[in-house]
Structures are given as structure tokens and as C-alpha cells.
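Here is a quick tour for anyone opening this structure for the first time.

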Amino acid sequence: MLSLSRPAAAGTRAGTGRGPLVLLALLMALTGLFAAPSPAVAAPSFTVRQVQMNLAGLAYLPANGIDGIAGPATAAAVRAFQSENCLAVDGIAGPNTNSALAQRVKAVQRAAGATADGIYGPRTETAVLRYQRTHDLLEDGIAGPQTMGAMGVSRGACAGGGGGGGGGGDSGLPYPSSHALQVQWNLAGMGYLPWSGVDGILGPQTASAVRAFQRDACITVDGIAGPVTDSHLARQVRKVQRKAGSTADGAYGPNTKSAVERYQRANGLSVDGMAGPATMRAMDIDRAMSCDGGGTGANPTPPASGSTREKIVEIARSQLGVRETGNNCNPYGWCAAWCAMFGTWVWQEAGVDVPSYAFTGAWFNWGQRNGHSSWGYDGVQAGDAIMYGTGPSSVSTSTHVDLVERVNANGTLTVIGGNVSDAVTRRTINPASAGIYGYVRP
């Protein structure tokens, strides 16, 4: 797993009195006013790196995009941020854009209890992880739409989620300026809300749609799209996206709608872009969960049967050789370090009610809360998820996860893991020397 942030060079943080020079240097770098140095003398600009750290921290740029190079990916992330904040959309991180970006970061830092310096560095990442852990959010250290929504921090300054030339209500998806818009897109995409209900306003119609979904998901029926509802909704959306051949990021948007329409046409279904009951049946996706005792809101305890472990191993084997595309883009989640995304995806496919995690330590912490985590590796079995590093506290201490395929007679473990040499790979390891700090049982 890769950390979101990179070490900062001395003397470059906010408050050093070099703000105007930093902004000027960044503007010149992004607009090509400096002649490109030869490869032999090229060095990454830490000023560009700071902007990338902020963009990645707010989920506009993948973590592996923090490279100090102002390339096309960074410019696209800048444009996405500008579109959501009613700024001129030119892909240039000039003074206005930098100021707005820093203000968003400061708002997140204040909500997370970090020093509000406007730079999304390692301390901010750790503070956001703590906030996510205590608020039952996806623990990845990134202030994406759900985390900012829980914090009460707006992602954009444009009413209705658009503006600045970004294309109106569809702008920025799957990372809209309004958490309400994404909730409505997901509900409409799953057939709980009409398309006309996607207006960015959480009124009675949206609350009714949320309650209908919550009843189907066997979670607390309160009409509020909180973290638990968001997680279950995104999980269902990802299942649809995988069947439809769309990017499985858990955010229903125009691309997913188009993919579902193609699926519907190819399968003789009514073409409306919604994964309603008929479409989900055709996709072989359960729309309503089985609620023990009528579904009072408690999340079901993950199964621990031998058959579940067998399913985990079988599904993991079926993915051997699957490779990432581009910068860590993968079939199991979004474009970021994906070993935990792969592992939780396999468990979900095997029937384990585990959230999708991008951070390995968050998965271990989930297991601790549910009585399924153990320190060390004694007693590990096939289907378990083994964690590498020293502990689950941060992305620098919890570095990778593998699924156990087989416990061998000589004490070694055969494991299958994602994001190993950019692919799903099988290895045999000696647990005594592999740096395992613990494991999670299904």
C-alpha cells in the first residue's frame, strides 16, 4: 500500500513567507513558462507536489499522482476542482485556485482536529483517518465526498454542484461538489428515485428513497444517508458497475448510466439506465438482503463457515493474472493502491459483509470491532486476510494484505494478493520472516 503523502522538503510549508514566490513558481511550471530541463538535471518541484497533495487529499487525484510533475493528470484534477468551485476552468493552479484549494483543506483539517495550515500532509492524513474511524466511515485518510459530507464541509461553491463551465448538475461525478447529489445519483441509478429527483436537495422524496433502500439492505430505516447507508449503497452500485462493464467506483454517474443502458439493450430489457429490479435480476444481483428478525438495523455478522473460506479461495484463484491499467486503476475499486480493495472485493463476492477498504489497517480495525482480528499469525487458515507491517495505525505501518490460499505442511503460507507487481499474484511466504502483524478471519 502506498501512503497518500510524500515527505515535505524543509522550509516549504505554509507560513514561511514565501507564498507569492511559491504561487508564481507553480503558475509558471504549470503553464510551461519555464523551459523544460534535460532529463539529466530534472528535479520534481515541491511546489507542484504540495498542490498534488491537496488534490489527492480531497480525492481529485489518485495517491500515486503525487510525483512533483505537473502533467496531464494534475491538470485534469485542477480542472475538476475549479469546475466545482466556480473558478475559471483552465487546469492552472494559479493564486485563486490555490487559495480556494487551501481553504477547503483547512476546513477539513479543522474538522479533523489537525493544524489548519492548508497543506494536506501526513499529519492531516492521520487526523482524517482518526475522524473516519470514530465516525464509521471508509478509513483511507482521504477527505472524499462522504467524509466531507460527514464533516459538514462543502466540496464546492457552486449551487447545484455545477458552474464554472463544468456542465451543470453532472459536473465532477463521481466526485460531485454535493454529497446530496451523489446519494441521489446512486438512488436513482438503483431505481429507488426518479431521474428528475436528482436535484441536490435532500427533501422528502429523497428521504423516502433512502428508507426504501435501507429496508432492502436490512439496515436502520431512518431516511438519513449516513456513513452506513452510503457504504451499503456504494457496494450495490459497484456490483452493478462490474456487471455493466463500467468503472467500479461505487458512484453512479453518467458513465455508469450509459453502461447500464448498453447492458439493457444487449439483454432485451427496458432501456432506462436504471439498475432496477428487472435489470438486477438479469445481472444476478440480490436487490434485497435476507434480514434476520425483520432487519432492525444491525449489520449481519460475517459468516465463518468452511464453505465461505472455500469460496474466498476459489474467487481469489479466479482473479490470478488480472493486471491494473494506467496508474493503479483496477477492477475492484478506484485508481489507487488496491491490495485491500482486491481482498475486500473477494470477501464480498464470497458473501462476507465487509465494507470496501483501501487501507489495510482499516480492515484490521473492522475485524477488531467485530471480533474477527488476531495479532500475529498463529491459527491462520485459508481464506484469512494477513496484514503486513507493524500495526494498523497508519498507511506507513500497515503496508499490504494478502489472502491465504493454503497453509502448507512445512509452515509456509501460499497467499494470493492484489497490487503485487501490478497484478493479482500467488506467492509462498515464510510467516516468521514476512513481517505479518496480524490477520482477519471471515
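Helices H3 and H4 are roughly perpendicular to each other. Keep in mind that this is a predicted model, so the angles and distances here are computed from predicted coordinates. H3 covers residues 72–84 and H4 covers residues 95–112, and their axes cross at roughly 75°, coming within 11 Å. On the H3 side, the contact is made by Val 78, Phe 81 and Gln 82, while H4 brings in Thr 97, Ala 100, Leu 101 and Arg 104. Sort the residues of this contact by class and you get four nonpolar, two polar and one charged.

Why give both an angle and a distance? Two packed helices are described by the angle between their axes and the distance between the axes.

| Helix pair | Crossing angle | Axis distance |
|---|---|---|
| H3 (residues 72–84) and H4 (residues 95–112) | roughly 75° | within 11 Å |
| H7 (residues 179–189) and H8 (residues 204–217) | roughly 55° | within 10 Å |
| H13 (residues 339–349) and H14 (residues 360–369) | about 40° | 8 Å |

Take H7 and H8 next. Their axes cross at roughly 55°, which makes H7 oblique to H8. The crossing of H7 past H8 is left-handed. Which residues meet there? From H7 come Val 183, Gln 184 and Leu 187, and from H8 come Thr 206, Ala 209, Val 210 and Phe 213. That contact splits into five nonpolar residues, two polar ones and no charged ones.

Now for H13 and H14, which pack at an angle of about 40° with axes 8 Å apart. That angle makes H13 oblique to H14. Cys 339, Ala 340, Gly 343, Thr 344 and Trp 347 in H13 meet Thr 360, Trp 363 and Trp 366 in H14. By class, there are five nonpolar and three polar residues in this contact, with no charged ones.

How far can you trust what you see? The chain averages a pLDDT of 78, and 80% of the residues score at least 70. Where pLDDT is low, the predicted coordinates should not be read in detail.

On to salt bridges: how many does the structure hold? There are six.

Finally, a look at the backbone. Most residues other than glycine have a negative phi. Asn 419, however, has a positive phi, near 60°, and its place is in strand E4 (residues 413–420). Ser 421 has a positive phi as well, near 55°. You'll find Ser 421 in the loop between E4 and strand E5 (423–429).

Notes
Residues numbered from 1 in each chain as written. Predicted model: local features only at pLDDT ≥ 70, side-chain atom pairs only at ≥ 80, totals over all residues. Heavy atoms only, no water. Axes fitted to C-alpha atoms, helices over the stretch in contact; angles between N-to-C directions. Helix = DSSP H or I, 4+ residues; strand = E, 2+ residues; numbered from the N terminus. Parallel < 35°, antiparallel > 145°, perpendicular 65-115°, else oblique. Left-handed = near helix turned anticlockwise from the far one by under 90°. Contact = heavy atoms within 4.5 Å. Nonpolar A, V, L, I, M, F, W, Y, C, P; charged D, E, K, R; others polar. pLDDT = per-residue confidence, 0-100. Salt bridge = Lys/Arg side-chain N within 4 Å of Asp/Glu carboxyl O.
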